[in-house]
Each structure stands twice: as C-alpha cells, then as structure tokens.
Amino acid sequence: MANDEIPEGASYTRRPAVIAEIESALPRPPATWVALANTPESRGGMSSEAMVHLVRRLRHEPDARRVFGQLALALDGRIAKVVQRWARGFDQVTTEEIALDVGRLVLELCIGDGSAQAADFLEASFSVGVKRHTLHAVEKRRRVPKPHAVAAALAKLERGERPVEGDGGPGGDPDPEDDRGDLGGDPRTDTAHDPERTLVAAEASARTPEAIRAALAHVKNPRHREAVVLHHLEGWPITDQDPYTETLCRHFGVSDRQIRTWIATAFAQMRKSLGGAS
Amino acid sequence: VTKPVSIADVLDRILLEEPTPTHAALQRWIARYPEHREALASFFATWAVQEEAPDEGVVIDEARVGAAVLEHALAILDRPAPRLSEIARTAGLSDAELGARCDLDAGLVTLLDRRLVRLASIPARLLARLGEALDRGVEDVRRALDGPPLAEAVRQGGAAFANAGVPVGAPLPPIALEFADVVRASALPEATKARWLAGG
C-alpha cells in the first residue's frame with residue numbers, strides 16, 4: 001500500500017471488531033451504551049471507534065440528547081488522553097486550549113459539521129485521527145509567537161538591542177548563546193578540519209540515540225532541541241546540494257552556521273546536565 | 001477534473017503507514033506529494049519533536065474541557081441546519097460548480113437551496129451525489145434540503161411559485177415543488193432530464 005496513490009474520496013472502513021461492537025450495541029437501549037463508553041477499552045469497555053459511530057447516530061435524535069451528551073463526554077475523555085500524549089512541552093493552560101480545540105473539532109466531525117470522510121476516518125482509526133488533529137494544533141502554536149516572547153523582543157528593540165534568534169519564536173526563550181559563531185559539525189556532510197567542529201561531531205557520534213534522548217530535556221531553547229532531534233535522531237541533514245532534499249537550513253530558514261551553533265549549544269547544555277559524565 | 005488529494009488525507013495515511021517520522025520517510029512522501037512539501041516538512045518536524053518530548057506530568061482539567069466541548073457540540077446541534085449553498089461554500093464550491101458535479105442546472109440548485117423542492121420527491125441518487133460532492137453524509141444533505149421554504153424564497157423565488165400556480169404574496173405552501181416537475185421545467189439537456197425522470 002505504501003506506494004499506492006490515495007484515491008480521491010478515499011473511504012475508510014471499520015475494523016470487524018468495531019462492527020461487531022456496534023451490532024451488539026444497537027439492539028440495546030442507548031442508555032446502556034454509556035456504561036461501556038465510560039469503561040476503558042483495555043478493561044472491556046467500548047472502543048472509541050464504536051463510540052464515534054454511536055455519537056454520529058444519535059446526533060439528530062432529540063429524544064436521545066441526554067445519552068448523546070454522556071457519550072460525547074466519554075469520547076472527549078479519550079480525546080484528552082491522546083492530546084496529553086502528543087501535545088507535550090506546554091503549560092497546563094496551553095495544553096487545555098489544545099485539548100479544547102481538538103475536542104471541539106472531533107465532536108464537530110462526529111455531528112456532521114465537517115468532512116464526512118474525516119468523520120469516517122475516526123470510525124476506522126480514532127487514535128490516529130486524534131493524533132493528527134493534535135499534532136496540527138501543536139504545529140499552529142509553534143508558528144505563533146507567544147505574547148511574552150514578542151513583548152521581550154520588542155522591549156529589546158526599544159532599548160536599541162538586537163533581538164537574538166529565538167526571540168518571539170515558537171515557544172523559544174531568548175538564549176544568549178544563540179549568536180555564537182560556528183561550532184558544530186554535520187557528521188553526514190562536513191569534512192572541514194576545524195577542531196571545534198571535529199569535537200562536536202565526534203561527541204555526537206559517540207552518543208547513542210538513547211543518551212541523547214535522556215539528556216534532551218536539559219536543552220533550554222526549543223529550537224535547539226528540535227535541531228538536535230531532527231538531525232541526530234531523525235537524520236535530517238543540515239544542508240544538502242540537492243534542492244529537493246529537506247534540510248534544517250530550509251526548515252528553520254537560517255544559515256548552516258546558525259544551525260551548528262544551536263546544536264553545539266544544545267550539546268554543551270546536555271554535557272553540563274550530565275555533570276561531564278560523558 | 002481530478003480533485004487534488006488533501007493534506008489531511010495524506011497526513012492520515014502517513015500516520016497509518018510510518019512508525020516514526022524519519023527524514024527518509026519525509027523524503028518519500030515529499031516525492032509523492034511535492035505540492036504539500038512545506039506542510040509535510042512542518043508536520044514531520046512537529047511529530048519528531050513530540051515523539052521525543054518527555055512527559056512533564058502536565059495534568060489538564062478534563063471535566064472542565066469536556067464540559068466546554070459538549071457545550072460547543074450542543075450549540076451546533078441546536079442551530080438550524082445549514083442550507084445547501086452554505087455547505088457548498090464550506091466545501092469550496094460555487095452553486096454552479098455543485099450543479100455541474102451533480103448534473104443539475106443553476107435553477108435547480110437554487111430551488112433545492114431554498115428548500116422549494118419536496119424532500120421525499122428527490123431521488124436518493126441525487127442525495128448521494130450531493131453528499132459526495134460536498135463531502136457530507138446523506139443525512140446532512142437531507143437536513144439541508146428539508147424544512148419550510150426559506151424566507152427569501154418569498155421575495156426571490158416568485159417565478160418558481162408562479163410557475164407552480166402560487167399567487168405572488170400568497171402564504172407559502174407547506175409542500176413545495178415536485179422534483180420531477182422542476183426537472184421537466186429546467187434547462188437541462190433532454191438526456192439528463194430523461195435520466196432524472198427515469199428515477200435518477
């Protein structure tokens with residue numbers, strides 16, 4: 001399937017187990033569905049996909065409004081769990097905003113106020129659908145500067161100082177080390193014999209992905225952390241001669257020199273956090 | 001005209017097929033959907049960062065969020081069903097484009113939009129085609145076409161009522177026009193008319 005084109009209006013089908021659940025629930029009074037919906041799926045409760053189907057069925061039945069509300073609340077509880085897994089790194093208020101956005105969107109789809117195909121997808125693979133909506137909500141917030149970061153950048157400008165990379169950025173606090181010179185290295189493409197580059201490249205290659213993951217939380221600037229994740233864990237090159245290759249420079253819209261500085265800063269912070277143990 | 005594959009469909013497929021957001025996977029999907037390059041790169045980066053993000057133990061007030069979400073859903077259910085032209089606009093289609101996709105002329109789309117055609121007389125195949133064109137379920141299409149004629153039909157739909165023998169200014173009839181009648185009176189090609197009159 002990986003090389004197939006997605007057909008126009010691709011429809012999604014429910015798993016046989018979900019169909020069986022729905023067929024078993026429908027002959028029973030809707031009020032009996034609520035207890036199953038409030039039981040986690042891992043403990044024999046109703047699957048989220050079946051809940052989506054039943055919510056969609058009840059949406060235009062005014063007499064079943066109470067059950068609709070109970071099922072919708074139970075479904076939103078499942079949505080919140082997915083959101084909390086895929087919207088990390090935010091404070092409580094922002095995480096709740098994301099949960100609210102995703103919950104509203106998913107319920108809108110369930111009650112027919114949106115794409116029928118997207119609603120069908122939720123009946124086929126609920127957690128994947130909610131994960132996608134959550135990542136999209138996270139993505140939107142990463143692109144929008146936080147008010148306090150914008151204010152900090154403006155205050156610097158008013159004082160006649162130059163804002164540094166990360167000021168007003170997506171969740172990134174200004175980092176005084178951001179503007180340092182080129183220290184990093186690209187283990188995939190660099191061949192220069194710069195001692196600093198060689199040091200950073202050697203350090204990175206000596207660290208296992210597990211070690212990098214363990215120390216990532218100590219990188220202060222989210223963009224630095226993202227650069228390390230993309231470069232060292234997911235294999236993104238910093239630069240590439242092929243214009244069709246996605247690179248960190250293109251992604252962040254900054255020079256390779258800047259990216260290497262970010263990565264070097266990140267590794268310095270990770271090294272410090274580990275007390276020089278590495 | 002082939003409808004382009006939406007980025008939402010591509011992302012759903014990616015999450016089903018790719019276990020992790022590697023650069024190699026990103027390049028594969030960009031090669032398949034170069035028109036979505038920017039969105040794909042941004043999505044993969046977000047996914048990668050979240051994949052590696054530690055659980056910082058942030059706890060949200062699920063009850064409060066749930067109540068707000070439910071309130072929003074009930075507000076949508078309580079509002080009147082959107083009319084056909086509103087759903088079409090949401091789907092990025094003009095009335096003319098919707099008509100072209102469903103073998104209807106502009107006049108027929110207008111009559112349907114203003115709820116002047118009796119719902120039970122509309123062929124099931126047309127409801128299905130409208131749903132497909134609008135990416136909505138048939139039930140949503142039925143709700144859009146159901147109900148009393150819209151108020152502006154009194155002002156703008158005079159001709160349609162006059163053709164149906166309703167005097168201008170008279171109270172709107174509780175049952176509107178028959179689909180077969182409006183097809184016969186339409187500007188559709190004869191072959192298309194014949195198809196609709198033969199049961200759609």
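**Notes on the A/B interface**

I started with one charged pair: B:Glu38 forms a salt bridge with A:Arg250, and their closest N and O atoms are 3.0 Å apart. For the record, a salt bridge here is a side-chain nitrogen of Lys or Arg within 4 Å of a carboxyl oxygen of Asp or Glu. I then looked up the total between chain A and chain B, and it is 8 salt bridges.

Housekeeping before I go on: this is a predicted model, in which local features need pLDDT of at least 70 and side-chain atom pairs count only at pLDDT 80 or more, while totals for chains, interfaces and linings use all residues. Residues are numbered from 1 along each chain as its sequence is written, chains are lettered from A and ligands numbered from 1 in the order in which they are written, and side-chain values use heavy atoms, with hydrogens and water left out.

Next I checked the whole interface. I found 71 residues of chain A in contact (heavy atoms within 4.5 Å) with 64 residues of chain B. The buried area between the two chains is about 6,100 Å², and carbon and sulfur atoms give 55% of that; this is the accessible area (1.4 Å probe) that two parts lose on being put together, summed over both.

I also looked up polar contacts, meaning N or O atoms within 3.5 Å; within protein, one must be able to donate a hydrogen and the other to accept it, and residues adjacent in sequence count only if both atoms are side-chain atoms. There are 27 residue pairs in polar contact between chain A and chain B, both residues being at pLDDT 80 or more.

Which helix gives the largest share of the side of chain A that touches chain B? I got α4(A), with 12 residues. Helices are DSSP runs (H or I, at least four residues), numbered from the N terminus.

**A:Arg132**

I then went to A:Arg132, which is in helix α7 of chain A. Is A:Arg132 buried or exposed? A:Arg132 is buried, because its relative accessible area is 9% and the cut-off for buried is under 20% (1.4 Å probe, protein chains only). Its side chain makes a polar contact with the side chain of B:Asp12 at 2.9 Å. Leaving out residues up to four places away in sequence, A:Arg132 touches B:Ala8, B:Leu11, B:Asp12, B:Leu15 and B:Phe43.

**Chain B**

Last, I noted that chain B has 13 helices and 0 strands. Of its 200 residues, 48% are buried.

Methods
Helices (H or I, at least four residues) and strands (E, at least two) are DSSP runs, numbered from the N terminus. Buried means under 20% relative accessible area, exposed over 50%, partly exposed in between (1.4 Å probe, protein chains only).
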